[in-house]
Amino acid sequence: MGKKKPNLSLRYFLLAFGLSFLILSLIALPILLWTVHPRGEQVGTPQSGIAVESVPGSYTDRENILVCLRKNKSDSPYQYLLLGFLPDRLQLSLTVFTPNTPLSVEHSAGTLEQAYQYGGCGEASRQLAKEMRISIGKYIDLTDLTLSNAVDLAGGFSYDFSSPLTLPNGISISSGSQYIGGELFVSLLHYAEQTEDSRIPLKLYSKLMGNILAFSDYSQIQSYYQQLINSMETDISLHDLAEHEEAITLMLNRDYVHPAPYTGNNFAQLAEEYR
């Protein structure tokens, strides 16, 4: 018997298939790498006017926190503060909500106050997260006394009043620069509550958070939080704080505080601040 002739058609087919696969791989690989690690990768939108330098490490550990503030333990909150810890943007966003803030999404409680009455600060944070279509992973439920201590521990601050005013407790404040300690801080919040002035709380909280972000290092933040944690209800532990140590250290700059007012109809716009 003679030798079997080789199947040249099959060889040519396999050769053509192999070359095609190689060419497609060479084209697809750079595209894939560009998609996963785009050149000049952008990690957010830093605030205008603040220089952001490239730093080693990954700062994707964002955290949104809802703070529920009560006069004392037996009361429902009179104010809700949303904090957006956004290290990739070098930004700490702040928004103040009142108890009657409406929650209109399906299966919502109706208002933040009703959500709190149903399941405390944790439920209020879940309902607000649904309304804004963002993630709110942590909460802090505290009283005026704890907030007052927090202000004093942070060192207080100076505040410029454009005109004189009289607070609900009878304290008179003249125009110009005044020192704000913990007790006066809380009194001003109640003044804003009565006058329905949402600007004052945001300015006060911005000053307070600016003081905290002006601490010298992470250990000072840790010590500050440790002095407060036992006087409030929260699901933020010192271990959680330690997990964010690198990002917290990066964020120690008072210029990164960014107030974002709630106007009653700007949930969608605010959501972009916290995503």
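User: What counts as a disulfide here, and how far apart are the sulfur atoms of Cys68 and Cys121?

Analyst: A disulfide is a pair of cysteine sulfur atoms within 2.5 Å. This is a predicted model. In this model, Cys68 and Cys121 form a disulfide. Their sulfur atoms are separated by 2.0 Å.

User: Which parts of the chain does the pair Cys68 and Cys121 link?

Analyst: Cys68 and Cys121 are 53 residues apart, so-called distant parts of the chain. Cys68 belongs to strand 1, residues 63-70. Cys121 belongs to helix 2.

User: Is the disulfide of Cys68 and Cys121 right-handed or left-handed?

Analyst: Look at the torsion about the S-S bond. For Cys68 and Cys121 it is about 90°. Therefore the disulfide is right-handed.

User: Is Cys121 buried or exposed?

Analyst: Buried means under 20% relative accessible area. Cys121 has 2% relative accessibility. So Cys121 counts as buried.

User: Where is the kink in helix 2 centred?

Analyst: Start with the ends of helix 2, residues 112-132. A straight helix of its 21 residues would reach 30 Å, but the end C-alpha atoms are only 13 Å apart. Helix 2 has a kink of about 130°. The kink is centred on Gly119.

User: Which residue forms a salt bridge with Arg70?

Analyst: Arg70 sits in strand 1, and its partner sits in strand 4, residues 138-143. The two are 71 residues apart. Their closest N and O atoms are 3.0 Å apart. The partner is Asp141.

User: Is Arg70 buried or exposed?

Analyst: The cut-off for buried is under 20% relative accessible area. Arg70 has a relative accessible area of 11%. So Arg70 is buried.

User: How far apart are the C-alpha atoms of Leu241 and Tyr225?

Analyst: Leu241 is found in helix 7, residues 238-243. Beyond its neighbours within four places in sequence, Leu241 is in contact with residues including Tyr225. Leu241 and Tyr225 are 16 residues apart along the chain. Their C-alpha atoms are separated by 8.9 Å.

Conventions. Residues numbered from 1 in each chain as written. Predicted model: local features only at pLDDT ≥ 70, side-chain atom pairs only at ≥ 80, totals over all residues. Heavy atoms only, no water. Helix = DSSP H or I, 4+ residues; strand = E, 2+ residues; numbered from the N terminus. Expected span 1.5 Å × (residues − 1). Bend = angle between axes of the 7 residues up to and from the residue. Contact = heavy atoms within 4.5 Å. Buried < 20%, exposed > 50% of the residue type's maximum accessible area, 1.4 Å probe, protein only. Salt bridge = Lys/Arg side-chain N within 4 Å of Asp/Glu carboxyl O.
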